[in-house]
Amino acid sequence: MAKIIIDGGRRLEGTVRIGGAKNAVLPILAASLLASRGVSVIEEVPSLLDVQHMAQTIAALGAKVDWIDHAIRVDATQLRSVEPPYDLVRRMRASFVVAGPLLSRFGEAIIALPGGCNIGPRPVDLHIKGFEAMGASVTMENGCVHLRAPRGGLRGARIYLDIASVGATQNIMMAACLANGQTIIENAAKEPENVDLANYLNAMGARVRGAGTDTIRIDGVKELTGAVHSVIPDRIEAGTFLIAGAVMGNGVYVENALSQHLAALIAKLTEAGAQLEDDVRGIKVWPIEGSRLRAIDVKTHYYPAYPTDLQAQMVAALTTAQGTSMMTETVFENRFMHVAELQRMGAEIHIEGRTAVIEGIEALTGAEVTATDLRAGAALVIAGLMANGTTTVSGVHHIDRGYEDLVGKFQSLGASIRRVEE
C-alpha cells in the first residue's frame with residue numbers, strides 16, 4: 001500500500017517530459033505476437049503496471065521479453081500457448097487484444113473475460129462480432145471466450161462497428177493482418193494510438209491503410225516479422241500536466257506533447273482562460289495572471305472530441321473556476337466516482353444523469369481521499385495541488401497503472417508532494 005501526500009498551494013514552474021503512450025504500447029506488445037520471424041524492439045516504453053502486466057501476459061504465452069531501459073525486446077517466434085493466464089488477464093481490459101493476434105496466427109485463442117478500472121461496462125461483443133464476420137467460431141467455456149478460425153484461416157470481411165471502439169478496432173485490425181483477402185473496418189476508432197499500432201504493423205510487413213480515419217483497409221499477408229518502432233507520446237499524461245499547469249502554473253512546459261493530438265483539450269483550456277503556446281518540442285501553458293479559470297461546458301466523446309480520459313482532471317480544475325461549469329460524460333456511464341472525493345475537499349458538484357454541474361468556489365481544502373480508478377487518481381492529485389492544506393491520496397496502485405513517476409515529475413515542477421509506502 002502507498003499514499004501520496006500533497007501540501008497544496010505551491011505554483012508549478014519548469015519543464016516536464018512526457019513518456020510513451022500507454023494506450024499505444026499495450027496493443028503494440030500484443031501485435032508483436034504476430035511475428036513468426038525476427039525480433040521486435042519497441043522504444044519509448046513507460047515503466048507502468050499495465051505495461052508490466054501486458055509484458056508478463058505475452059511472456060506467459062512463450063514470448064521472450066527483455067526490458068532495456070525504456071525499450072522492450074520481444075521474440076515471439078516460439079510461442080507455446082494460446083491461452084494467457086487468468087490471473088494476468090483479469091487485471092486489465094486491454095489484455096483482450098491478444099485475442100486477435102493469437103487467432104490470426106494460430107487459428108485459436110482462449111481468453112478469460114478481462115478486468116480493469118470499474119468505470120462502467122465495456123463489453124467485448126464488438127471484438128467477437130468482428131472475429132465471427134471473418135469466419136471464426138465463438139463459444140463460452142468456463143468463463144473464457146474460446147475462438148477458433150475456420151480451416152484455412154480467417155477470411156477478409158467488411159465489418160461495421162456499431163460503436164467506434166478503440167479496442168475492437170485494434171483487435172480486428174491485428175486479426176486481419178494474416179487473414180485471407182481484404183478486411184474493411186467501417187466506423188473505426190480514429191485515436192492516434194490506433195494510427196501508431198498501424199504504423200508498427202506496417203513496419204512488420206502488414207498492409208494497413210486508412211488508420212486515423214473511419215475506414216481502415218487491411219490486405220492480408222502470409223507472415224509478419226519483427227520490427228523496430230518508437231511509440232508516440234502519451235497524450236493523456238500530457239493533458240494531465242497541461243490541466244495542472246493551467247490552474248496552478250507559473251509557466252509549465254510540457255515537453256514531447258503533440259498539439260495535434262490534444263486539439264480538443266487545448267481549445268477548452270483556452271476557452272477557460274489559460275494561455276498556451278506550442279512548438280516542435282512541446283507545449284507551454286500558464287493561467288491568466290491573478291485570475292481563476294473561467295467556467296466552461298465540456299462533453300466527452302470519441303477522438304477527436306474531448307477525451308473521456310481527461311474528464312476527471314478537468315472536473316478537478318473547474319472546481320475553483322469562476323461560475324458554473326458542466327461536464328457531460330458520453331463514453332462511460334460510471335465515470336463520476338471521483339466527484340464524491342472532490343466533495344470531501346469542499347467542491348460543490350452535483351450529478352444530473354450523465355452531467356456533473358460544478359459550482360466554482362474560491363479554494364479547495366485538503367482532505368483524505370481515495371482514487372477509485374486511474375484517471376480519478378490523477379484528478380485527486382491535481383485537486384491536492386490546488387487545495388489549501390494537506391491532501392492524502394490513497395489507492396495509488398490505480399495511478400501506477402498509467403503514470404510513470406507522477407510524484408517525481410510534479411516535484412520537478414516545484415510541488416510539495418511525496419509518496420509514502422506503507
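Before anything else, when I say two residues are in contact, I mean that they have heavy atoms within 4.5 Å. And please keep in mind that this is a predicted model.

Let's start with the UniProt record. The unreviewed entry there lists a "binding site" made up of Arg93, Arg122, Pro123, Val124, Asp125, Leu126, Asp309 and Val331. I'll pick out two of those residues.

Take Leu126, which is part of helix H5, residues 125–133. Is Leu126 buried or exposed? The relative accessible area of Leu126 is 11%, and buried means under 20%, so Leu126 is buried. If we set aside neighbours within four places in sequence, Leu126 is in contact with Leu161, Asp162, Ile163, Ser165, Ala168 and Ile172.

Now over to Asp309. You'll find Asp309 in the loop between strand E19, 297–299, and helix H10, 311–318. Asp309 also counts as buried, because its relative accessibility is 17%. What does Asp309 touch, not counting residues up to four places away in sequence? That would be Asn23, Ile236, Arg335 and Arg375.

While we're in that loop between E19 and H10, have a look at Pro304, which lies there too. The peptide bond from Tyr303 to Pro304 is cis, with omega near 15°.

Next, helix H9, residues 263–271. Ala264, Leu265, Ile266 and Leu269 are buried in H9. A quick helix reminder: an α-helix has 3.6 residues a turn, so residues three or four places apart point the same way. Which elements do the buried residues of H9 pack against? They pack against helix H8 (235–248), strand E17 (275–278), strand E18 (282–286) and H10. Just after H9 comes Gly273, with a positive phi of about 110°.

On to the aromatics. How many aromatic pairs does a search of the whole structure find? The search finds 1. The pair is Phe241 with Phe410, and it counts as tilted because the planes are at 40°, with the ring centres 4.6 Å apart. This pair links distant parts of the chain, since Phe241 is in helix H8 and Phe410 is in helix H14, residues 406–412, 169 residues apart. Phe241 is buried, at 1% relative accessibility, and Phe410 is buried as well, at 0%.

There's another ring to show you: the charged end of Lys284 sits over the ring of Trp286, 5.6 Å from its centre.

The largest cavity has a volume of about 50 Å³. Its lining is Gly19, Gly20, Pro46, Leu48, Asp234, Glu237, Gly402, Tyr403, Glu404 and Lys409.

Asp69 is not a glycine, yet has a positive phi of about 55°. Asp69 lies in the loop between strand E5 (64–68) and strand E6 (71–75), and with a relative accessible area of 67%, Asp69 is exposed. Asn187 is not a glycine either, and has a positive phi of about 55°. Look for Asn187 in the loop between strand E11 (182–186) and helix H7 (192–203). Asn187 is partly exposed, with a relative accessible area of 24%.

That's my tour. Over to you.

Conventions
Residues numbered from 1 in each chain as written. Predicted model: local features only at pLDDT ≥ 70, side-chain atom pairs only at ≥ 80, totals over all residues. Heavy atoms only, no water. UniProt positions renumbered as here; feature names shortened; annotations may be inferred. Helix = DSSP H or I, 4+ residues; strand = E, 2+ residues; numbered from the N terminus. Buried < 20%, exposed > 50% of the residue type's maximum accessible area, 1.4 Å probe, protein only. Phe/Tyr/Trp six-rings, centres within 6.5 Å; stacked < 30°, edge-to-face > 60°. Lys NZ or Arg CZ within 6 Å of the ring centre and 35° of its normal. 1 Å grid on protein atoms, 1.4 Å probe; cavity = no way out; pocket = protein on both sides within 12 Å on 5 of 7 lines; lining within 4 Å. Points joined across faces, edges and corners; volume = space filled by probe spheres on them.
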